[in-house]
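Here is a short briefing for a first look at this structure. Keep the sequence and the 3D view side by side as you read.

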Amino acid sequence: MEPTAVELCPEELGRRQEDTQPRRTCVGCRLRDRQSHVIRIVARPIDGQLAAVIDERRRLSGRGAWLHPDPACLDTAVKRRAFNRAFRGPVDTAQFAVDFRAYLERRDGRSDPPSPSLKAGQHPHGNPMSTQR
Ligand SMILES: [Zn+2]
């Protein structure tokens with residue numbers, strides 16, 4: 001297996017000037033991204049146990065975790081128990097996973113059919129745009 005190459009697309013490089021936002025590490029894919037590109041997650045006590053919840057307005061206090069609005073990142077984070085690490089303890093994610101997917105659908109405003117062959121944000125072999133000059 002090849003290690004996954006981290007690519008910066010040209011568009012990304014051109015935006016350096018406005019790139020003043022703090023970077024947050026997604027607990028799913030572990031990539032750092034602008035704070036506005038990731039969703040804040042906090043752990044709240046529900047029924048005597050900590051459960052991960054979406055902090056939509058980013059106003060809840062306490063330790064936060066960050067996750068891309070991407071079901072793939074959610075799956076990875078849940079499988080890796082990344083929330084347990086982020087919140088330093090056992091965190092229930094069952095309901096969170098349901099809520100997160102519902103949140104994504106609400107956020108998109110429409111239900112695009114998923115494309116299994118090519119996931120968003122992943123370039124299989126370089127960027128075709130870079131050859132156009
Ligand atoms: Zn991610």
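This is a predicted model: local features need pLDDT of at least 70, side-chain atom pairs count only at pLDDT 80 or more; totals for chains, interfaces and linings use all residues.

Which exposed residues does the face of helix 2 turned away from its buried side carry? They are Asp75 and Lys79. Residues are numbered from 1 along each chain as its sequence is written.

**Overall layout**

- The chain has 4 helices and 5 strands. Helices (H or I, at least four residues) and strands (E, at least two) are DSSP runs, numbered from the N terminus.
- Their order along the sequence is α-β-β-β-β-β-α-α-α.
- Of the 133 residues in the chain, 18% are buried.
- Among contacts with a separation of 6 or more, 58% join residues 24 or more positions apart. Two residues are in contact if their C-beta atoms, placed from the backbone, lie within 7 Å.

**Helix 2**

- Helix 2 covers residues 71-79, and its buried residues are Cys73, Leu74 and Ala77. They lie on the same side of helix 2, because they cover an arc of only 100° around the axis. The arc is that of the directions from the helix axis to the C-beta atoms.
- An α-helix has 3.6 residues a turn, so residues three or four places apart point the same way.
- The buried residues of helix 2 pack against strand 5 (64-67), helix 3 (82-86) and helix 4 (94-108).
- Arg81 follows helix 2 and has a positive phi, near 55°.

**Helix 2 against helix 4**

- The axes of helix 2 and helix 4 come within 10 Å and cross at roughly 170°. Axes are lines fitted to C-alpha atoms, for helices over the stretch in contact, and angles run from 0 to 180 degrees between N-to-C directions.
- Helix 2 and helix 4 are therefore roughly antiparallel, a label for angles over 145 degrees.
- Helix 2 contributes Pro71, Leu74 and Val78 to the contact, and helix 4 contributes Ala97, Phe100, Arg101 and Leu104.

- Three strands form an open, antiparallel sheet in the order 4-3-5. Two strands pair if DSSP finds at least two bridges between them.
- Strand 4 (49-54) and strand 5 stand at the edges with a single partner strand each, so one side of each has no neighbour in the sheet. The twist averages 40° from one strand to the next.
- Strand 3 (residues 39-46) pairs with strand 5 over 4 bridges, in the antiparallel sense. Val42 has Gly64 in strand 5 as its bridge partner.
- Strand 3 also pairs with strand 4 in the antiparallel sense, over 6 bridges. Pro45 stands opposite Leu50 in strand 4.
- The hairpin of strand 3 and strand 4 has 2 residues between the strands, and Asp47 takes a positive phi near 55° there.

**Cys29**

- Cys29 sits in the loop between strand 1 (23-25) and strand 2 (32-34).
- Cys29 counts as partly exposed because it has 18 C-beta neighbours inside 10 Å.
- Cys29 and Thr76 are 47 residues apart along the chain, yet 6.9 Å separates their C-alpha atoms.
- Leaving aside neighbours within four places in sequence, Cys29 is in contact with His68, Cys73 and Thr76.

Conventions. A residue is buried if 20 or more other C-beta atoms lie within 10 Å of its own, exposed if 12 or fewer, and partly exposed in between; C-beta atoms are placed from the backbone. Angles under 35 degrees count as roughly parallel, over 145 as roughly antiparallel, 65 to 115 as roughly perpendicular and the rest as oblique.
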